[in-house]
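This report describes charged side chains and the contacts between them. The sequence and structure are shown first.

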Amino acid sequence: MGKSNYHERKEARISKYQELAEKNKKASVQAYEASNDTVKHIPMGQPILVGHYSEKMHRNTLKRSWNQMEKSVELGNKSDYYSEKAKAAENNTAISSDDPDAIEKLKEKLNKLIEKQEFMKSVNKVCRSKKLSDSEIKEKLKDDFNLKDDSITSLLNPRYSFEKKGFPPYSLTNNNGRIKQVRDRIKRLEKLEKLENETFKIGEVEIKVNVDDNRVEIYFPNKPEEVFRKKIKSSGFKWSSYKSAWQKQISIWNIKDAKKLAEDFINL
């Protein structure tokens, strides 16, 4: 669980989706072939002979063939679904807090965002220069920033007359917001890196801060009633049959939530 086998779990998830895609693909082909085999003895274009002794058998045969074809299509769709899931898992660039390299990856992301911010500022400075002619601005944007003609035209011809040349203000504001988000997340993860495994009790409820698995775990002395289980779930904790505990990713807030749930449980 958690950081201890993050990469192994990711690879296992991808393999599982790929296996399911292949399994459903094979089943789809088999159902398609079965559909064709069911009606292969019926001559092409043979109509149903209404009132003939063969009518009922003919209709049942066509029905079986159609059901198998529907099954083939359904299995084919499932195969495509799992193939897409496998591709999404492989191409997922989101940085999980369970990833042991999360802080390093976030710092790389932060540097790229900062570079992008400086790039946009520098481009805007050139676009809005009063000392350069239009042709000089275009040449400078092409030579200094390696921008293509389409991009230059777009930057120098804003959609609305009240807009300034260059990247619009919201582009810089949004990017700056992302910079702040990544910086804040790095700080939070660095703070969590300093945590150590810890176990404490509130009444009969045991809470574990499992740094190795990156999980806060709650162990109740007995199974909570359904109403309280809904409260646990609404707090974001999920039941782990492997651990026989309710758990959630480690964060300062999640540790506080675990303590609050323990207090509420003993006060029932």
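## A positive surface patch

Arg128, Lys130, Lys138, Lys164 and Lys165 form a patch of positive charge on the surface. Patches consist of residues with over 30% relative accessible area and no salt bridge, like charges being joined within 9 Å and nonpolar side chains (Val, Leu, Ile, Met, Phe, Trp, Tyr) within 5 Å. Lys and Arg count as positive and Asp and Glu as negative, while His and the chain ends are not counted. The place of a charge is NZ of Lys, CZ of Arg, CG of Asp or CD of Glu.

This is a predicted model, in which local features need pLDDT of at least 70 and side-chain atom pairs count only at pLDDT 80 or more, whereas totals for chains, interfaces and linings use all residues. Residues are numbered from 1 along each chain as its sequence is written, and side-chain values use heavy atoms, with hydrogens and water left out.

## A salt bridge between a loop and a strand

The whole structure contains 12 salt bridges, each defined as a side-chain nitrogen of Lys or Arg within 4 Å of a carboxyl oxygen of Asp or Glu. In one of them, the side chains of Asp98 and Arg215 meet at 2.8 Å, N to O. Asp98 lies in the loop between helix 2 (55–91) and helix 3 (102–127) and Arg215 in strand 3 (residues 215–219), so this pair ties together parts 117 residues apart in sequence. Both partners are buried: Asp98 has 5% relative accessibility, and Arg215 has a relative accessible area of 10%.

## Two partners for Asp264

Asp264 forms a salt bridge with Lys231, with 2.8 Å between the closest N and O atoms. This pair links distant parts of the chain, 33 residues apart: Asp264 is in helix 8 (residues 252–266) and Lys231 in helix 7 (residues 226–234). Asp264 is buried at 16% relative accessible area, whereas Lys231 is partly exposed at 36%.

The side chain of Asp264 also meets that of Lys260 in a salt bridge (3.0 Å, N to O). Both residues lie in helix 8, 4 residues apart, about one turn of the helix. Lys260 is partly exposed, with a relative accessible area of 45%.

Note on methods: Areas by Shrake-Rupley, 256 points an atom, 1.4 Å probe, with all protein chains shown as cover. Helix = DSSP H or I, 4+ residues; strand = E, 2+ residues; numbered from the N terminus. Buried < 20%, exposed > 50% of the residue type's maximum accessible area, 1.4 Å probe, protein only.
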